[in-house]
Amino acid sequence: MQAVNSFVAAYLKKKGFKEAEQLLEDLHSKDSAAPIDFHNDPDLAKFIHHFSQSEDEVARYQDGYSKLRSWTYSSLDLYKHELLRVLYPVFIHSFMDLVAKGHLQEARTFFNAFHEDHQLMHSRDLQKLEGVLSQSHLEEMEFARSLRQNKVNVKICQYSYDLLLQYLHKTQSSAMLGVINEHINFQATSGQPGSISDDIEVVTLIGSCQDAANQINQKEIHWGLLEDSLEERSEKEGGLLSDSEKTEGENKEGDAEESKKRSAEGGKQGSSTKKLKKDKAVNATAKSTRLEAKTTSSAPRVKPELTLPIMSTEVEQSILEDLRNRVQLSSIALPSVSFYTFLDTHNGLNCSSISHDGSLVAGGFSDSSLKVWDTAKLGQQTGGATLQGENDSTSSEHVVRPNGVKRSYTLFQGHSGPVYSATFSPLGDFILSSSADTTIRLWSTKLNANLVCYKGHNYPVWDVQFSPVGHYFASASHDRTARIWAMDRIQPLRVMAGHLSDVDCVQWHANCNYIATGSSDRTVRLWDVQSGECVRIFIGHRSMILSLAMSPDGRYMASGDEDGTIMTWDLSSGRCVTPLMGHTSCVWTLAFSCEGTLLASGSADCTVKLWDVTTSTKAPRNEEKSGNPNRLRSLKTLPTKSTPVYSLQFSRRNLLFAAGVLSKKV
């Protein structure tokens, strides 16, 4: 008992608790008749155990993590990559626990000792956490607060999970066991460990509480297309045409067989056989593209929740004509690409946009101006001896020079801050622009004038997008909200609030009943435009989302982030279909082909990539279980000389337009 008293007295003296030390001495001096029984007094036992723990608390975190790290790296290769997923969340929460308990210097030492292990995959997170220098920072910093409030979801196989628990109990690593129990939610799966390629989608750090996200994702959504749309009418007409084409193809095939017999008799069998194989290949291609085109027609039909604008007969006929002449694309029938390059922008170009028919190209600049080029007039300029070298190099690349001798563009001025986004109406007669001045402006490309200035956001507006039917548009802002507007109303119709950080991009669903928003909080949300409620939360990205695209049938969505990762999502389930790995820098723009078989992506790595969408969405179940990384393959990579890709746009006839600015950094 004397040893216990001496220990308590020494601790109180060390910590400077003079009053408590004096009281303890007084207690001993009274020489109480009823001695304190240490072994049979649980409260005193807990009290002493608590203080003894605080003495070596820092060492328990450092030793516990160091031993867990060594054990993980020495595990069998079959399970190592799954067990490594646990290290990063344990590391960041151990660091924050040390900060929260006041061990600031020790927390900094711990961070510096082990952060290099996670630098490759989580460099941006570590940069933010490096700024946590006090306990108040944990509450003030949004990123740290989100980490503390939400559990980390880690997906590993059952055997890896059992190995981890066995290690923790065997080593009695209470600090690591406490961190894992409090901050990590394991999703143990049966069967063999997943592949390393799945690591991108198995660890979710922040964005939303998983339970809340799962509850929201249970809501019913209607992802089908609008009833009696122009596309549906065109497909009905196209179906009749394809049947007649099929009959003609069969007749031609019969003629080819007869010619084959005749040529065999004449001794020219080889050339006819080659021709016959070619005809069969063409017929097979046509058949596959027709089958892929029917995926849109098989989508369910829904009624619009918004009052749709009335379209004139002349415009309807023009659109139907484009749809009838649409080129069917597939993995073996890739689109033609027309690329517009901005020159001499002096780092002033923030965004670009291309009209649906490719006739107009717009650029938003840091000097608050919006400039629109008519592509039909570009070739008529003769004062461009400096343009010839660029045109000679690539015949398919059109050069847009903002600073030509004769002004080759229409200048729209009205904003009082940099222009961050621009979007053309479906018919190209209007263009919207958003700016750092918190406003959105509507311009007429016919009158070359500003028509309306929409005010509602409180901070810079990063993105604005017209709906597929025009009239309505959506905006995304630094104020963490997205808003839905109508051209004839100066106030927003709906305000979508729920993201934890900037809303960086926005995209309309094909049926105009939903909008999707991508945010710096690394989540994508789907909103019902009628109620303004969030009906889906998509969690999986590791960095801010910069681009979104909706498939034409309305079933799938693609999102691109700052790290160069593209993820395709099933809207009905809210789950990731597959990640697309290939870009090495920010994915700034995405676009689905008109029948939904191809996805085009444009990046800051100066490339346009074409992806086979049908391969991913129809992957066999055995491939999904084995985590085959090639189930969505990149069909083609189109590199530019030194031009980051700002925008992509498929025309109604399936010609792909792209735009970017020439960078002097090679």
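UniProt, in an unreviewed entry, places the feature "repeat: WD" at residues 412-444, 454-495, 496-537, 538-579 and 580-621. UniProt positions follow the numbering used here, feature names are shortened, and annotations may be inferred rather than shown by experiment. The model is predicted: local features need pLDDT of at least 70, side-chain atom pairs count only at pLDDT 80 or more, and totals for chains, interfaces and linings use all residues. Residues are numbered from 1 along each chain as its sequence is written, and side-chain values use heavy atoms, with hydrogens and water left out.

The protein chain contains 19 helices and 33 strands. Helices (H or I, at least four residues) and strands (E, at least two) are DSSP runs, numbered from the N terminus. Of its 666 residues, 50% count as buried. Buried means under 20% relative accessible area, exposed over 50%, and partly exposed in between (1.4 Å probe, protein chains only). Among contacts in the chain with a separation of 6 or more, 58% join residues 24 or more positions apart. Contact means heavy atoms within 4.5 Å. Over residues 412-444, the chain is 61% strand and 0% helix. The end C-alpha atoms of that stretch are 10 Å apart.

Helix α5 (residues 77-100) packs against two helices. Its axis and that of helix α7 (residues 119-129) come within 12 Å and cross at roughly 5°. That makes α5 roughly parallel to α7. Axes are lines fitted to C-alpha atoms, for helices over the stretch in contact, and angles run from 0 to 180 degrees between N-to-C directions. Angles under 35 degrees count as roughly parallel, over 145 as roughly antiparallel, 65 to 115 as roughly perpendicular and the rest as oblique. From α5, Tyr-88, Phe-91, Ile-92, Phe-95 and Met-96 meet His-122, Asp-125, Leu-126 and Leu-129 of α7. The contact residues comprise seven nonpolar, one polar and one charged. Here Ala, Val, Leu, Ile, Met, Phe, Trp, Tyr, Cys and Pro count as nonpolar, Asp, Glu, Lys and Arg as charged, and the others, Gly among them, as polar.

Against helix α11 (residues 174-183), α5 packs at about 100°, with the axes 10 Å apart. α5 is therefore roughly perpendicular to α11. Val-86, Val-90, His-93, Ser-94 and Asp-97 of α5 contact Met-176, Val-179, Ile-180 and His-183 of α11. These residues divide into five nonpolar, three polar and one charged.

His-137 lies in helix α8 (residues 135-140). His-137 is partly exposed, at 22% relative accessibility. Beyond its neighbours within four places in sequence, His-137 contacts Gly-131 and Val-132. Its C-alpha atom is separated by 9.3 Å from that of Val-99, 38 residues away along the chain.

Four strands form an open antiparallel sheet in the order β16-β17-β18-β19. Two strands pair if DSSP finds at least two bridges between them. β16 (461-466) and β19 (494-497) stand at the edges, each with a single partner strand, so one side of each lacks a neighbour in the sheet. Neighbouring strands are turned by 20° against each other on average, direction ignored. Four bridges join β18 (residues 481-486) to β19. In one of these pairings, Ile-484 has Arg-494 of β19 as its bridge partner.

His-471 is partly exposed at 23% relative accessibility. Ser-368 counts as buried, at 17% relative accessibility.
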